Amino acid sequence: MPASLSLRLCAWMFGLCLVMAGQARAAEPRVVIVFGDSITAGTALPKDQQTQVWVRLVEAQSGGKLQMLNEGKGGRPTDSVKEFEAMLSRRPKADLLVIALGTNDSRDISEQCVPKAVANVRAMITKARDQYGQGLAVLLVGPPNIRKDALGPTKPIADQRDAKLRELGAGFEALAKELHCDFTTQYGIIPEASLASDGVHPDVAGNEAIAKAMLPKLLPASR
């Protein structure tokens with residue numbers, strides 16, 4: 001084989017390898033860590049409905065484009081910075097960090113509720129970008145709405161708690177703008193009928209509503 005032909009063949013094969021490698025990289029799902037509370041974890045769903053939590057629904061509906069790492073935990077407020085650090089140590093990779101907290105913080109109806117929550121979330125974002133790189137994409141999520149007439153022991157402060165949820169969302173939105181993060185809110189997207197059990201935790205239909213709203217925010221093509 002002439003040397004020139006051999007060189008052209010090698011160049012063609014090299015180019016083909018690059019194309020195939022690029023296609024393989026493009027096929028890799030986006031790794032999304034979701035650090036949240038019981039609504040993220042789905043702990044309030046019956047055992048036979050655990051697969052219907054919104055995080056898993058989003059992954060299933062993404063067509064293989066998303067790998068969702070569910071770091072939800074029941075009862076978690078924003079002051080779980082130590083838990084967040086522990087999570088970072090066991091998750092070596094993230095393309096996107098989602099922080100979906102605030103529902104438990106809203107039990108605190110004092111003036112310090114929102115400033116404390118914002119400071120805690122700020123610390124989480126700083127630590128995450130120190131680990132994964134300053135260019136890490138972060139999506140802050142405002143907490144969802146509650147059903148005030150279905151709340152249990154907290155029903156006497158239902159109006160105040162609802163107000164705090166909205167204030168927390170506004171605080172997170174301002175922080176997202178400051179730190180060059182994306183922001184969305186789950187407030188107002190859960191039908192009241194889906195919150196009938198305790199006023200806070202959505203049923204399967206509520207999780208479906210969350211998944212529908214969150215999926216376009218998480219897909220690589222939407223960024």
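The structure is a predicted model, in which local features need pLDDT of at least 70 and side-chain atom pairs count only at pLDDT 80 or more, while totals for chains, interfaces and linings use all residues. Residues are numbered from 1 along each chain as its sequence is written, and side-chain values use heavy atoms, with hydrogens and water left out.

**Packing of H4 and H5**

- Helix H4 (residues 81-90) packs with helix H5 (residues 113-132) at an angle of about 15 degrees, and their axes are 10 Å apart.
- The two helices H4 and H5 are therefore roughly parallel, a term that covers angles under 35 degrees.
- In the contact (heavy atoms within 4.5 Å), residues of H4 including Phe 84 and Leu 88 meet residues of H5, among them Met 124 and Tyr 132.
- By class, this contact of H4 with H5 has seven nonpolar, three polar and two charged residues.

**Salt bridges**

- A salt bridge here is a side-chain nitrogen of Lys or Arg within 4 Å of a carboxyl oxygen of Asp or Glu, and by this rule the count comes to twelve.
- Lys 82 forms a salt bridge with Glu 85, the closest N and O atoms being 3.8 Å apart, and the two residues, three apart in helix H4, are separated by about one helical turn.
- Asp 159 and Lys 148 meet through their side chains in a salt bridge of 2.9 Å, N to O.
- Asp 159 lies in helix H6 (residues 158-178) and Lys 148 in the loop between strand S4 (137-142) and H6, so the pair ties together parts that are eleven residues apart in sequence.
- Glu 71, Arg 90 and Arg 91 are linked in a salt-bridge network.

Methods:
Axes are lines fitted to C-alpha atoms, for helices over the stretch in contact, and angles run from 0 to 180 degrees between N-to-C directions. Helices (H or I, at least four residues) and strands (E, at least two) are DSSP runs, numbered from the N terminus. Angles under 35 degrees count as roughly parallel, over 145 as roughly antiparallel, 65 to 115 as roughly perpendicular and the rest as oblique. Ala, Val, Leu, Ile, Met, Phe, Trp, Tyr, Cys and Pro count as nonpolar, Asp, Glu, Lys and Arg as charged, and the others, Gly among them, as polar.
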